[in-house]
Amino acid sequence: MRPRALVVDDEASVCQLLANKLKQEGYDCKICSSVEEALSASEKTSFDVIISDLRLPKLSGLEFLEIARQKFPGTAFLIVTGVDDIRVGIDAMKRGADDYLVKPFQLEAVMVAVGRALERKKLEADLENYRHNLEEMVEQRTAQLQSAMRRIEKTYDETLEALGAALDLRDTETEGHSRRVSRCCLEMAKAMGCTKEQLKQIARGSYLHDIGKIGIPDAILLKPGKLTDEEMMVMQTHARIGYDLVCRIGFLAPAAEIVLTHQERYDGTGYPQGLVGQEIPLGSRIFAVADTLDAMTSDRPYRRALPLSTAQAEITRESQRQFDPEVVRVFLSIPDSVWEDIRREVAGARLFTTTHNPSLASAFPAFAWPLDKRYAPPRLGES
Ligand SMILES: [Fe+2]
């Protein structure tokens with residue numbers, strides 16, 4: 001297809017001169033005597049190049065340039081100036097003109113300038129095309145990557161489930177407890193402004209907090225009566241055993257610190273490291289409150305579940321001692337219905353999480369797991 005040129009000049013002789021040369025060089029050429037007429041023509045036809053005089057009646061060539069740059073950015077624009085206006089021509093280039101031509105014309109030089117401007121526009125278009133394709137390619141690759149990540153996350157969930165199942169084989173008491181504690185932790189962590197990544201790690205860490213009990217001998221783990229001091233010491237190694245187990249699994253490594261520190265107390269009297277205050281990871285300070293909340297509001301072999309208000313009073317009393325006061329403050333600010341709903345939902349199992357809140361279920365796999373086994377009340381002494 002022949003390139004299309006638009007010549008705008010109120011001097012008919014100039015227009016004719018240029019048009020003749022352009023046609024001779026293989027261009028389709030349209031002539032206009034004002035900017036208004038040129039704009040109307042440009043609306044109907046897409047031009048490859050516009051050659052406009054600077055001085056025109058009503059709107060000037062510079063005003064035309066400004067409009068053309070916005071409306072037809074792909075069209076090459078050359079401004080025509082008199083010898084006295086060369087500085088204006090240079091200024092026009094700063095404003096987006098591709099070149100300027102000086103009257104009286106040297107027609108060969110005009111054609112060189114037009115050819116150069118068209119070549120530049122073509123390069124710009126190619127570059128824009130390339131950029132657009134690149135963006136599309138990046139979008140496609142990102143989608144592929146996200147899909148791969150989702151598949152990996154699913155594998156993670158299955159790994160977590162396998163770990164949880166392994167503990168259930170040894171100690172069925174942790175099942176409903178771990179799920180509820182994980183949910184309660186998330187409510188508090190969200191209220192404390194934790195990031196999505198932190199929430200994920202807190203959900204996983206709190207779910208697996210007692211995984212180290214896999215390494216505790218049956219005689220101690222399943223002992224019905226009170227543990228001796230020595231047995232208690234063995235039992236307490238579950239935090240370290242769990243940490244050693246979980247930190248070796250890449251995607252669980254960040255959650256492992258909760259497994260290690262879930263028995264620490266704010267006042268430093270916990271184990272295994274006796275960490276104090278902010279030395280204890282936030283996830284574990286949150287876990288401590290969630291764990292007590294769940295233990296107190298669950299049935300025990302020797303008593304029925306205590307009312308929520310009793311747990312709230314006890315947690316308040318232990319603020320600064322067992323618990324981080326800031327976590328306690330956040331805990332107390334959360335409506336009672338949230339805790340009651342969690343208890344109901346976990347008891348009602350997967351129905352809620354996977355059908356009512358699939359996005360949450362996939363972000364926090366601990367929610368998505370089926371609860372198809374019996375619930376046993378938490379064990380005395382240990383969480
Ligand atoms: Fe524990």
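Predicted model: local features only at pLDDT ≥ 70, side-chain atom pairs only at ≥ 80, totals over all residues.
View 1. Which cysteine sulfur is closest to the one in Cys185? That would be the sulfur of Cys184, but the gap is 7.2 Å, too far for a bond. A disulfide needs two cysteine sulfur atoms within 2.5 Å, and by that rule the count for the structure is zero. Cys194 also counts as buried, at 12% relative accessibility.

View 2. Four residues supply the donors here: Asp210 through OD, and His238, His262 and Gln263 each through NE2. These atoms sit 2.1 to 2.4 Å from the iron ion.

**View 3. Where the iron donors come from along the chain.** Read along the sequence, the donor residues of the iron ion follow the spacing D-x27-H-x23-H-Q. Asp210 belongs to the loop between helix H7 (196-207) and helix H8 (218-221), while Gln263 belongs to the loop between helix H11 (253-261) and helix H12 (282-296), so this pair ties together parts 53 residues apart in sequence.

**View 4. Tyr156 and Phe251, a stacked ring pair.** The structure has three aromatic pairs, and this view zooms in on one of them. The ring centres of Tyr156 and Phe251 are 3.6 Å apart and the planes meet at 5°, so the pair is stacked. It's a link between distant parts of the chain: Tyr156 sits in helix H5 (residues 107-170), and Phe251 sits in the loop between helix H10 (238-246) and H11, 95 residues apart.

**View 5. Phe331 and Trp339, a tilted ring pair.** Here the ring centres are 5.3 Å apart and the planes of Phe331 and Trp339 sit at 40°, so this pair is tilted. Phe331 and Trp339 are both buried.

**View 6. Lys23 in helix H1.** Lys23 is part of helix H1 (residues 12-24). How far is the C-alpha atom of Lys23 from that of Ala5? The two C-alpha atoms are separated by 9.2 Å, with the residues 18 apart along the chain. Lys23 counts as partly exposed, at 44% relative accessibility.

**View 7. Zooming out to the protein chain.** The chain contains 18 helices and five strands. Of its 383 residues, 46% are buried. Take the contacts between residues at least 6 apart in sequence, and 65% of them join residues at least 24 apart. The accessible surface of the chain comes to about 19,500 Å², and carbon and sulfur atoms account for 56% of that.

Definitions and conventions: Residues numbered from 1 in each chain as written. Heavy atoms only, no water. Buried < 20%, exposed > 50% of the residue type's maximum accessible area, 1.4 Å probe, protein only. Donors = N, O, S within 2.8 Å, 3.2 Å for Na, K, Ca; no water. Helix = DSSP H or I, 4+ residues; strand = E, 2+ residues; numbered from the N terminus. Phe/Tyr/Trp six-rings, centres within 6.5 Å; stacked < 30°, edge-to-face > 60°. Contact = heavy atoms within 4.5 Å. Areas by Shrake-Rupley, 256 points an atom, 1.4 Å probe, with all protein chains shown as cover.
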